[in-house]
Structure formats: C-alpha cells, structure tokens
Amino acid sequence: MHSFKELVGIFAEKFNVPHFPAQPATLYEPGIYFLGIAGKRIRPVLCLMGNELFDEIHADAYHVATAIELFHNFTLLHDDIMDKAPLRRGFATVHTKYNENTALLTGDVMLIVAYEYLAKVSPQMLPRIMHLFNRTAREVCEGQQWDMDFEKRDNVTLEEYIHMIQLKTSVLLAASLKTGAILGGASEGNCLHMYEFGRNLGIAFQIQDDYLDAFGDPEKFGKEPGGDIRQNKKTFLLLRALEVANPQQKQELLRLMQENPEDKVEKVLAIFRECQVDAWARTLKQSYLEKAHQELEAVAVTGTRKQPLLELADFLVAREH
C-alpha cells in the first residue's frame with residue numbers, strides 16, 4: 001500500500017506528459033499553462049487509492065485518474081470565468097492571462113482530451129466507468145448552476161446548500177474512489193461504501209473550506225480571511241447564522257450584506273461568534289467525517305489496507321490551508 005504522498009508523486013510522473021498537440025499554440029499553450037499550476041491532485045489520487053485498496057493498481061486506473069484530473073481542471077477553467085476570478089492558486093487565471101474566449105475553448109478541449117483517456121480503458125470495464133463518469137460530470141454542472149442560482153435568492157436553506165455541495169464538490173471525490181474500486185474488482189456493496197465514504201468526506205471538506213475562509217489563520221491559510229463574506233456567498237456559516245440569529249443580529253447581517261461597509265468582515269465575524277456558528281461548524285464537520293469513517297469501516301477489506309485513506313480523510317478535514 002502506498003501513502004497519499006507517494007501516490008501523488010507516482011501520478012505526477014504519469015500525468016506530466018504532453019496532453020495536447022503543438023498547434024494551434026493559441027489554443028493549447030493556455031491549457032499547458034493551466035495544468036502547470038498543479039493543485040493537490042486529490043481526486044485522481046483517490047482513484048488510485050480506491051483501486052489499491054482492493055488490488056494492485058491497474059494500468060487503467062492511470063487512464064481514469066488522468067481523465068478525472070483533466071475534467072476537474074476543465075471545471076476550474078470555466079468556474080474562474082463565471083466567478084470572474086483573477087487568480088487561481090496564486091497565478092493569473094487563463095481568462096485573465098489570455099481572454100475569455102480562449103479560456104472557454106481551452107476548457108472545452110481539455111474535456112475532450114479527458115474522454116480520449118477514458119476511451120483507453122479496457123472494453124470490459126469501460127461501460128461502468130463511462131456511465132459513472134458521465135453521471136458525475138452532469139451532476140457537477142448541476143451543482144454549479146445551483147450555486148449560481150443561490151446567488152440571486154434571498155432565502156436558501158441549509159439542506160439546499162448541502163445538496164448543492166454534494167453535486168458541486170462531493171460527487172467527484174466519491175466517483176474517483178468508486179471508479180478505483182471498480183477497477184480493483186470490488187463488489188457492488190464495497191463500491192457503494194467507497195462512494196458514500198467520498199460523498200460524506202466531500203461535505204466535511206467543504207465545511208472546513210467555509211470555516212477556514214472565515215476563521216483561518218492568514219499565515220497558514222495563505223490569504224486574508226473573509227473572502228466569502230465580502231462576496232455575500234451563502235456558506236454553511238452564513239446560513240446557520242441567519243437561521244439562529246436573534247432579530248437584531250439578523251437585521252444587522254442583512255444590512256452588512258447589502259451595504260458592504262469597510263468593516264463588514266469584522267462585524268460579520270463578530271455576529272458569527274455571537275451565534276456560535278464556529279463551534280457549530282466544527283461539530284457538523286466532525287459528524288460528516290464520522291459518517292465517512294463508518295462507510296470506510298464497512299468496506300470488507302482488512303483495516304491495515306484502509307489506513308492511508310483514513311489518514312488522508314483526517315488530514316483533509318483538519319487542514320489549516
């Protein structure tokens with residue numbers, strides 16, 4: 001069994017090859033640039049870990065992992081355009097460095113190349129893998145649309161937000177694990193447990209993201225807290241605060257969201273603390289992490305083989321950046 005860190009290195013060697021032709025350079029160079037801004041590679045490595053939990057890593061797992069990483073980056077390219085984000089991982093986004101039309105086409109061709117890698121999967125495995133990949137891709141798009149719809153709505157329930165997060169974030173983590181399990185020869189029951197492990201882990205991961213954006217240590221988090229607050233994003237924290245705040249606190253929250261004063265972040269954070277949403281978020285995060293642990297525990301393999309996945313799950317939910 002490999003650790004997550006070891007598999008990141010192994011996958012990097014497989015992934016860091018040319019994925020695009022040379023011409024037209026105006027189309028392909030932006031894709032090369034964006035893939036060079038490497039992230040944590042969590043999703044493709046989860047595919048490899050899902051495979052290795054049940055068997056030695058199959059050659060097809062690297063094809064699927066590559067497709068997953070390309071698909072994820074395709075979504076980020078388009079998300080950056082929709083969010084009008086100037087930076088991604090500290091570097092200029094493609095639509096900022098080049099232009100929006102180029103970023104759209106670069107994302108499109110990245111998705112096409114992802115399917116080219118999927119097509120390399122052995123014929124007996126391909127139908128199940130393709131069905132899961134396509135369903136997941138559609139759900140991620142649905143989650144992004146819900147997220148944009150919520151920006152225009154005054155009232156969003158916590159249940160609606162969790163549903164959106166499952167689609168936008170969790171299902172790709174879950175599918176990465178399940179595709180790996182399928183390639184490892186896991187039973188249908190074990191595949192389902194792996195999927196649910198990833199789904200619950202994804203929700204806990206997003207709760208931690210929301211928490212860090214508000215309460216993270218700037219030196220560890222890498223940026224000043226409060227970005228979501230400045231943009232009036234309907235996060236776990238804001239929805240909980242609006243739910244439990246007294247009338248005066250709720251009125252003040254709504255005023256701050258509408259007027260956007262210079263001290264908005266400090267005042268919103270003060271209300272969050274008064275409403276104890278920081279403690280609530282830590283408890284909610286832990287509950288989803290425990291659900292993830294239970295699903296992994298139910299997988300019918302020896303406990304020692306699960307240890308790398310357990311350690312990764314705990315790290316992702318406890319991380320400070």
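The model is predicted: local features need pLDDT of at least 70, side-chain atom pairs count only at pLDDT 80 or more, and totals for chains, interfaces and linings use all residues. Residues are numbered from 1 along each chain as its sequence is written, and side-chain values use heavy atoms, with hydrogens and water left out. Helices (H or I, at least four residues) and strands (E, at least two) are DSSP runs, numbered from the N terminus.

**Helix packing**

- Helix H12 (residues 236-244) packs against helix H13 (residues 247-259) at an angle of about 140°, and the axes are 9 Å apart. Axes are lines fitted to C-alpha atoms, for helices over the stretch in contact, and angles run from 0 to 180 degrees between N-to-C directions.
- That angle makes H12 oblique to H13. Angles under 35 degrees count as roughly parallel, over 145 as roughly antiparallel, 65 to 115 as roughly perpendicular and the rest as oblique.
- H12 contributes Leu-238, Ala-241 and Leu-242 to this contact, and H13 contributes Lys-250, Leu-253, Leu-254 and Met-257. Contact means heavy atoms within 4.5 Å.
- The residues of the H12 contact with H13 are six nonpolar, no polar and one charged. Ala, Val, Leu, Ile, Met, Phe, Trp, Tyr, Cys and Pro count as nonpolar, Asp, Glu, Lys and Arg as charged, and the others, Gly among them, as polar.
- H1 and helix H4 (residues 59-83) pack at about 85°, with axes 11 Å apart, which makes H1 roughly perpendicular to H4.
- On the H1 side, Ile-10, Phe-11, Lys-14 and Phe-15 meet Tyr-62, Ala-65, Thr-66, Glu-69 and Leu-70 of H4. The contact of H1 with H4 has six nonpolar, one polar and two charged residues.

**Core and buried positions**

- The largest nonpolar core has 105 residues, of which Met-194, Phe-236, Phe-272 and Leu-309 touch the most other members. Such a core is a set of buried Ala, Val, Leu, Ile, Met, Phe, Trp, Tyr and Cys residues joined through side-chain atoms within 4.5 Å.
- Helix H8 (residues 158-183) supplies the largest share of this core, 14 residues.
- Not counting residues up to four places away in sequence, Met-194 touches Gly-50, Leu-53, Phe-54, Leu-177, Ala-181, Leu-296, Val-299 and Leu-309.
- In H12, Phe-236, Leu-237, Leu-238, Leu-239, Ala-241 and Leu-242 are buried. Buried means under 20% relative accessible area, exposed over 50%, partly exposed in between (1.4 Å probe, protein chains only).
- The cover over the buried residues of H12 includes H8, H9, H13, helix H14 (264-274) and helix H15 (277-297).
- Gln-206 lies in helix H9 and counts as buried at 13% relative accessibility. Residues up to four places away in sequence aside, Gln-206 touches Tyr-161, Ile-165, Thr-169 and Phe-236.

**Aromatic pairs**

- The structure holds nine aromatic pairs. Rings of Phe, Tyr and Trp (its six-membered ring) pair if their centres lie within 6.5 Å; planes under 30 degrees apart count as stacked, over 60 as edge-to-face and the rest as tilted.
- The ring centres of Trp-146 and Phe-150 are 6.0 Å apart and the planes are at 40°, so the pair is tilted. Both residues lie in helix H7 (residues 126-151), four residues apart, about one turn of the helix.
- Trp-146 is partly exposed, with a relative accessible area of 36%, whereas Phe-150 is buried at 4%.
- Tyr-211 and Phe-215 form a tilted pair as well, 5.2 Å centre to centre with 40° between the planes. Both lie in helix H9 (residues 188-215), four residues apart, about one turn of the helix.
- Tyr-211 is buried at 17% relative accessible area, and Phe-215 is buried at 15%.
- One aromatic cluster is formed by Phe-71, Phe-74, Tyr-115 and Phe-133.

**Backbone features in loops**

- Gln-23 and Pro-24 are joined by a cis peptide bond, with omega about -5°. Pro-24 lies in the loop between helix H1 (4-15) and helix H2 (25-36).
- Asn-232 is not a glycine, yet has a positive phi of about 60°. Asn-232 sits in the loop between helix H11 (227-230) and H12, and is partly exposed at 23% relative accessible area.
- Asn-260, not a glycine, has a positive phi of about 50°. Asn-260 is in the loop between H13 and H14, and is partly exposed at 42% relative accessible area.
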